[in-house]
Amino acid sequence: QVQLVESGGGLVQPGGPLRLSCAASGSIFSINAMGWYRQAPGKERELVAIITSGGTTNYADSVKGRFTISRDNAKNTVYLQMNSLKPEDTAVYLCHGVITTFDYYGMDYWGKGTLVTVSS
């Protein structure tokens, strides 16, 4: 069993920063990639940022230059530093991991999500 637990969401004013964390735990052999998705009310889930085990990153065009994804491999944790937040960034942010356990290779795991609200 693998669990992904997000933290750091909340209410922030437009232009402000917020940092999300996602810790993976359980029977983990290796983490292939981790990333953040978001889903706003009435909209489809979209990729925000992803980071591979080698440190390669990819971002949605809408967050490039404002968001930074990073990971601490020793802690099995991924972070999303969000700066210059806009009201349109309001969404539930979900952590995703492609994780190899001692039983299965490269399975998809999801956290339950953390709400980010950007409003004055």
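## Basis of the description

A residue is called buried when its relative accessible area is under 20%, exposed when that area is over 50%, and partly exposed in between, with a 1.4 Å probe and protein chains only. The model is a predicted one, in which local features need pLDDT of at least 70 and side-chain atom pairs count only at pLDDT 80 or more, while totals for chains, interfaces and linings use all residues. Residues are numbered from 1 along each chain as its sequence is written, and side-chain values use heavy atoms, with hydrogens and water left out.

## The disulfide

At 0% relative accessibility, Cys22 counts as buried, and Cys95, at 0% relative accessibility, counts as buried too. A search of the whole structure for disulfides (pairs of cysteine sulfur atoms within 2.5 Å) finds 1, and this disulfide joins Cys22 to Cys95 with an S to S distance of 2.0 Å. The pair links distant parts of the chain, with Cys22 in strand β3 and Cys95 in strand β9, 73 residues apart; strands are DSSP runs of E with at least two residues, numbered from the N terminus. The torsion about the S-S bond of Cys22 and Cys95 is about -85°, so the disulfide is left-handed.

## Strand β9 and its partners

Of the 11 residues of β9, 9 are buried, so this strand is largely enclosed by the rest of the structure. Strands are taken to pair if DSSP finds at least two bridges between them. On this criterion β9 pairs with β4 in the antiparallel sense over 10 bridges, and Tyr37 stands opposite Leu94 in β9.

Strand β9 also runs antiparallel to β11, to which 3 bridges join it, with Val92 opposite Leu115 in β11. A further 4 bridges join β9 to the antiparallel strand β10 (residues 107–110), where Val98 stands opposite Asp108. Between β9 and β10, which form a hairpin, lie 5 residues, and Gly106 in the turn has a positive phi of about 60°.

## The nonpolar core

A nonpolar core is a set of buried Ala, Val, Leu, Ile, Met, Phe, Trp, Tyr and Cys residues joined through side-chain atoms within 4.5 Å. The largest such core has 31 residues, and those with the most contacts inside it are Trp36, Leu80, Met82 and Tyr93. Strands that each supply at least two residues of this core include β3 (18–26), β4 (28–39), β9 (91–101) and β11 (114–118).

Contacts, meaning heavy atoms within 4.5 Å, can be followed from Met82, which touches Gly16, Pro17, Leu18, Leu20, Arg66, Phe67, Tyr93 and Val116, not counting residues up to four places away in sequence.
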